[in-house]
Amino acid sequence: MLSKSLVIFIGIGVIAGLTFGIYLIDVKNTSQLVYVDGSGISIVTEKFDFKKGEEIKIKIINTGTVPLTFSDTSYGLRITGLSGILMYTPISAQVESELKPNDEVEFVWDQIKNDGDNTLEGLYKISAKGFDPVGDKVERSTTITIWK
């Protein structure tokens, strides 16, 4: 017969594993390309897991039926840690940009932060924010992992 403490530890391990799995499903949202009627934006990367130092190609796509405007030529692209600390934004001109329906723009991130340091291993959130013709915010994000 198993000892009481072993049964408790196994039970806690199963519950913790289930909870962490549900958390990862929520954080690692894999539905990157979603077309909608009205205003919509999607962020697409070629995969979700990257090696440290590998270039990351990021596409921002207008997946709606109306044009989107952005305050500069970075198209609202921001890369943050999961804690919300800003890691990277592309250098951009302060010129209003527009993305017509089904148009896309591509950026390449070399995993160098804005301060010039290399990124560490971990989860990173890539987000983009623009505005529809009536001035409502349109925002989307996806999560990637950087490994050794």
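## A guided tour of the predicted chain

Buried residues account for 33% of the 148 residues in the chain, where buried means under 20% relative accessible area, exposed means over 50%, and partly exposed lies in between (1.4 Å probe, protein chains only). The structure is a predicted model, in which local features need pLDDT of at least 70 and side-chain atom pairs count only at pLDDT 80 or more, while totals for chains, interfaces and linings use all residues. Residues are numbered from 1 along each chain as its sequence is written, and side-chain values use heavy atoms, with hydrogens and water left out.

**Stop 1: the whole chain**

Helices (H or I, at least four residues) and strands (E, at least two) are DSSP runs, numbered from the N terminus. Along the principal axes, the C-alpha atoms fill a box of roughly 70 × 40 × 25 Å.

Next, display the contacts, defined as heavy atoms within 4.5 Å. Of those between residues at least 6 apart in sequence, 64% join residues at least 24 apart.

Then switch to a surface and colour it by element. The accessible surface comes to about 9000 Å², and 58% of it belongs to carbon and sulfur atoms. These areas come from the Shrake-Rupley method with a 1.4 Å probe; for residues, only the protein chains shown count as cover.

To view the charges, select the 15 positive and 19 negative side chains; the centres of the two sets lie 9 Å apart. Lys and Arg count as positive and Asp and Glu as negative, whereas His and the chain ends are not counted. Each charge is placed at NZ of Lys, CZ of Arg, CG of Asp or CD of Glu.

**Stop 2: the nonpolar core**

Select Ile58, Ile60 and Trp109, which touch the most other members of the largest nonpolar core, a set of 23 residues. The elements that give two or more residues to this core include strand S3 (56–62), strand S8 (104–109), strand S9 (122–131) and strand S10 (137–147). A nonpolar core is a set of buried Ala, Val, Leu, Ile, Met, Phe, Trp, Tyr and Cys residues joined through side-chain atoms within 4.5 Å. In soluble globular proteins, nonpolar side chains tend to be buried together.

Centre the view on Trp109. Not counting residues up to four places away in sequence, Trp109 touches Glu54, Glu55, Ile56, Ile58, Ile79, Tyr88, Thr119, Ile144 and Ile146.

**Stop 3: the loop between S8 and S9**

From Trp109, move to Thr119, which is placed in the loop between S8 and S9. Thr119 counts as buried, at 1% relative accessibility. Beyond four places in sequence, its contacts are Lys52, Trp109, Gln111, Lys113, Tyr124 and Ile146.

Now select Leu120, in the loop between S8 and S9. Leu120 counts as exposed, at 57% relative accessibility. With neighbours within four places set aside, Leu120 is in contact with Lys52 and Ile146. A C-alpha distance from Leu120 to Gly53 reads 9.5 Å, although the two are 67 residues apart along the chain.

Gln111 also has its place in the loop between S8 and S9 and, at 2% relative accessibility, counts as buried. Its phi is near 65°, a positive value in a residue other than glycine. Most residues other than glycine have a negative phi.

**Stop 4: Asn102**

Asn102 is in the loop between strand S7 (97–99) and S8. Its phi is likewise positive, near 70°. At 52% relative accessibility, Asn102 counts as exposed.

**Stop 5**

Ile43 and Thr142 are 99 residues apart in sequence, with their C-alpha atoms 6.7 Å apart in space. Thr45 is likewise in strand S1, and is buried at a relative accessible area of 6%.

Finish at Thr80 in strand S5 (residues 78–81). Thr80 is buried, with a relative accessible area of 8%. Apart from neighbours within four places in sequence, Thr80 is in contact with Ile85, Leu86, Met87, Tyr124 and Lys125.
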